[in-house]
Amino acid sequence: MAIRTILTEPNPILRQISKPLEKVEKDQQKLMDDMLETMYHARGIGLAAIQIGVPLRIIVMDISKEENNKEPMFFVNPVIQKKNLNFSTYEEGCLSVPNQFAEIDRPSTCEVEYLDYYGNKKKIKAEGLLATCIQHEMDHLEGILFIDYLSKLKKSMIIKKLSKQKKIDRIVV
Ligand code: NI
């Protein structure tokens, strides 16, 4: 396993639409292992492949929040079948939008079909944090970030902040 670099806004790669996988074999599992390690290292609860620069429809997640009882989840080629008409609100952040948070409304439950780590077809009914997290990650597959749901002004302020942070990082080597 290896820790990969997480791309951050405003990197145009994050805006790419990811492609479906044709198969789930060793190479793809190795990529999922790397994604999981990268996500744990960055202390995130979800990561899409595009966030490490790979435009494939893969998501890893772990919402267990327990250091000693990890519950990794892998979603390959996920498709949302049903969404609830009721919305729930969470304060969301994103490893690709570091240190920025905003309240986002999303359907409170959803049904998702996907392939698991071994390429087996699975279906899940998600609610609560899991539903929100899956939808956040699936947005990444379409090149969408949570800040896209904010007003133009709020979004541009966040992007400005992130761009400034980057400049500082380049000087402090
Ligand atoms: Ni994210």
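Trainee: How do you know that strand E2 and strand E3 pair?

Mentor: Two strands pair if DSSP finds at least two bridges between them. E2 (residues 58-61) and E3 (residues 73-83) have four bridges in the antiparallel sense, so they pass that cut-off. Ile59 stands opposite Phe75 in E3. Keep in mind that this is a predicted model, where local features need pLDDT of at least 70, side-chain atom pairs count only at pLDDT 80 or more, and totals for chains, interfaces and linings use all residues. Residues are numbered from 1 along each chain as its sequence is written, and side-chain values use heavy atoms, leaving out hydrogens and water.

Trainee: Why do E1 and E7 count as edges?

Mentor: The open sheet runs E1-E2-E3-E6-E7 with antiparallel pairing. E1 and E7 (121-127) each have a single partner strand, so one side of each lacks a neighbour in the sheet.

Trainee: How do you know that helix H1 packs on the sheet?

Mentor: Contact means heavy atoms within 4.5 Å, and H1 (residues 26-41) touches E1, E2 and E3. Its direction makes about 40° with that of E2; axes are lines fitted to C-alpha atoms, for helices over the stretch in contact, and angles run from 0 to 180 degrees between N-to-C directions.

Note on methods
Helix = DSSP H or I, 4+ residues; strand = E, 2+ residues; numbered from the N terminus.
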